[in-house]
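Please keep the sequence and the model in view while reading.

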Amino acid sequence: MTKSTELRKKDVAGLQTEVKELQKAHFGLRMQKATQQLTNTATLRSARRDIARAKTILAETIVKGAK
């Protein structure tokens, strides 16, 4: 789980790479679930929320930079 304070320290490029990495991890978890290999399905929920957190901070950073 990534904390919002850690994400706020990153620049736009760093946040974009973080979102991509989180999406790749989420895809892997979805594939594990589809093949019945995922034992803890709560990780899917936390992965989705981490992606949303990173995207929200990315949007805030872009808007703040545009002003």
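Contact here means heavy atoms within 4.5 Å. Among contacts in the protein chain between residues at least 6 apart in sequence, 63% join residues at least 24 apart.

The model is predicted: local features need pLDDT of at least 70, side-chain atom pairs count only at pLDDT 80 or more, and totals for chains, interfaces and linings use all residues. Residues are numbered from 1 along each chain as its sequence is written, and side-chain values use heavy atoms, with hydrogens and water left out.

**Confidence**

pLDDT is the predictor's confidence in each residue, from 0 to 100. The protein chain averages 93, and 97% of the residues score at least 70. Confidence is lowest in helix 1, with a mean of 91, and highest in helix 2, with 96.

**Overall fold**

Helices (H or I, at least four residues) and strands (E, at least two) are DSSP runs, numbered from the N terminus. The protein chain has three helices and zero strands, and its pattern along the sequence is α-α-α. Its radius of gyration is 14 Å, well over the 11 Å that the globule rule gives for 67 residues, so the chain is more spread out than a compact globule. That radius is taken over C-alpha atoms, and the globule rule is 2.2 Å times the number of residues to the power 0.38. Along its principal axes the C-alpha trace spans about 45 × 15 × 15 Å.

The chain exposes about 5,100 Å², of which carbon and sulfur atoms supply 54%. Accessible areas come from the Shrake-Rupley method with a 1.4 Å probe; for residues, only the protein chains shown count as cover. A residue is called buried under 20% relative accessible area, exposed over 50% and partly exposed in between (1.4 Å probe, protein chains only). Of the 67 residues, 25% count as buried.

The expected span of a helix is 1.5 Å times one less than its number of residues. For helix 2, with 23 residues, this gives 33 Å, and its end C-alpha atoms are 33 Å apart, which agrees.

The buried residues of helix 2 are G14, L15, E18, V19, L22, H26 and L29; they pack against helix 1 (4-8) and helix 3. In helix 3, the buried residues are L44, A47, D50, I51, A54, I57 and L58, and these pack against helix 1 and helix 2.

**The nonpolar core**

A nonpolar core is a set of buried Ala, Val, Leu, Ile, Met, Phe, Trp, Tyr and Cys residues joined through side-chain atoms within 4.5 Å. The largest one has eight residues: L7, L15, V19, L22, I51, A54, I57 and L58. Helix 2 (12-34) and helix 3 (42-66) are the elements that give two or more residues to this core. The largest share, four residues, comes from helix 3. In soluble globular proteins, nonpolar side chains tend to be buried together.

Which residues does I57 contact, leaving aside its neighbours within four places in sequence? They are S4, L7, R8 and L15. Of these, L7 lies in helix 1.

**Single residues**

| Residue | Relative accessible area | Class |
|---|---|---|
| L7 | 1% | buried |
| H26 | 13% | buried |
| T56 | 43% | partly exposed |
| Q36 | 70% | exposed |

H26 is placed in helix 2. Not counting residues up to four places away in sequence, H26 touches L44, A47, R48 and I51.

Q36 lies in the loop between helix 2 and helix 3. Its phi is near 65 degrees, a positive value in a residue other than glycine.

T56 belongs to helix 3. T56 and L15 are 41 residues apart along the chain, and their C-alpha atoms are separated by 10 Å. For L7 and N40, which are 33 residues apart in sequence, the C-alpha to C-alpha distance is 25 Å.
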